[in-house]
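Please keep the sequence and the structure in view while reading.

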Amino acid sequence: MVHDTTRYETCRRQICDSVRERIDLSREVDDAEIQDMIDELVVRLGRSHALSLEERQELGKSVFHSIRKMDVLQELVDCDDVTEIMINGTDNIFIEKAGRIYEWDKRFETREKLEDVIQQIVAKCNRVVNEASPIVDARLENGARVNIVLAPVALNGPIVTIRRFPDHPISMEDLLRFGSITRQAAEELEKLVVAGYNIFISGGTGSGKTTFLNALSHYIPKTERIITIEDSAELQLQGIPNLVRLETRNANTEGARAISIRDLIKSSLRMRPDRIIVGEVRGSEAIDMLQALNTGHDGSLSTGHANSSRDMLTRLETMVLMGMELPLAAVRRQIASGVDIIVHLGRLRDKSRRVLEIVEILGFEDGEIVTAPIYEFHENGEENGRVLGELVRVGDLTHKDKLMASGMDLEKKV
């Protein structure tokens, strides 16, 4: 909307200052009371500054967001089309929509206001960020993932990156509609999840690993006890009554020690889980995850960053060695024994997210982990900017013992 910026901003500052002066700090003031104050001032100042009805409505919303919400960010946080928000200090804000990045026409007026919003975000999820501890992962009330980096690490002001997830979890049916996976592959994965195969989801940044993990988790039998372990809680498991959600904690200035993913995995093993879901494995906790997979917690799920399924195995080896000095052969045996299936996701040049590989881990032979592809994505060209292709069945599942134990096979419907 086009309006006289100077006149509009003058009104906005006056209303913000007036409302803050009127708020009674000795008691709890609810949103409705704040909104009434704002409406009264908008009507009065709107007349004196000759603001249009549209400008007054925008002004009222903007002031409320500044006082009670996340200032200019609130509009983006509430927008379903925005998947990523990138705040580069007070310089600019970039957003991602439909896989493309755009510069937004608004920004924070002052560094102080941006820092206020940052402290508001971290306080709501019991985290701390300051110059002594300038990096933190947090989340918003709607489940969006937040990464914050402050000075002295960030040189051009506070940097905030927000990954928004859909308000309603994306199901496997949605992924089928998007063309991310074929019906046949989805049905086979459903059987593997129900039968208790340990599945690792790999992919690059923004390839949809968490979304796919959520979709797969819908296949977990509702009678089982599930424990989820995450750095910052963002999984959206639905319909599982016996669900325990665990989240890491940073150390704080009050003496509370950090609680890591390794700590949570070790503790979860004493909580009688049927399955353990680790949101993402990115470090030495890989050894604890593998030990859980190798001690009877069949059907567990996790994700990791990698460029291919083979690269995911190499990264797992490296992460295990970060946490414990073991012979490489022993590490590979642990991986081959613990992980049954790797589903590799990718983001193609048209920004679409697809399943590119489904690979079975066959075992350990001659010092190497042996794998065999079950599905591979075959590209068939391009049309109107959209990559054409299909996930093609290229092999059969070799280890069918868990399927048979659960009374299923891949050829029959679940």
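Which residue of β11 is the bridge partner of G203? The partner is H305. The model is predicted, so local features need pLDDT of at least 70 and side-chain atom pairs count only at pLDDT 80 or more, while totals for chains, interfaces and linings use all residues. Residues are numbered from 1 along each chain as its sequence is written, and side-chain values use heavy atoms, with hydrogens and water left out.

**The sheet**

Helices (H or I, at least four residues) and strands (E, at least two) are DSSP runs, numbered from the N terminus. Two strands pair if DSSP finds at least two bridges between them. An open sheet of nine strands has the order β9-β8-β10-β11-β7-β12-β13-β14-β15, with mixed pairing. Strands β9 and β15 are at its edges with a single partner strand each, so one side of each has no neighbour in the sheet. On average, neighbouring strands are turned by 25 degrees against each other, direction ignored; the axes are lines fitted to C-alpha atoms.

| Strand pair | Sense | Bridges |
|---|---|---|
| β7 (residues 199-203) and β11 (residues 301-305) | parallel | five bridges |
| β2 (residues 92-97) and β3 (residues 100-103) | antiparallel | four bridges |

In β3, R100 stands opposite K97. The hairpin of β2 and β3 has two residues between the strands, and A98 there takes a positive phi near 50 degrees.

**Helix α7**

Helix α7 comprises 13 residues (183-195); at 1.5 Å a residue it should span 18 Å, and its end C-alpha atoms are 18 Å apart, which agrees. The expected span is 1.5 Å times one less than the number of residues. Just after α7, G196 has a positive phi of about 95 degrees.

**The nonpolar cores**

A nonpolar core is a set of buried Ala, Val, Leu, Ile, Met, Phe, Trp, Tyr and Cys residues joined through side-chain atoms within 4.5 Å. The largest has 40 residues, and I181, I199 and F212 have the most contacts inside it. Helix α7 gives the largest share of this core, six residues. Leaving aside neighbours within four places in sequence, I199 is in contact (heavy atoms within 4.5 Å) with residues including L192, V193, L216 and I341. Another core, of 31 residues, lies apart from the largest one and includes V244, A306, M319 and I361.

Technical notes:
Axes are lines fitted to C-alpha atoms, for helices over the stretch in contact, and angles run from 0 to 180 degrees between N-to-C directions. Buried means under 20% relative accessible area, exposed over 50%, partly exposed in between (1.4 Å probe, protein chains only).
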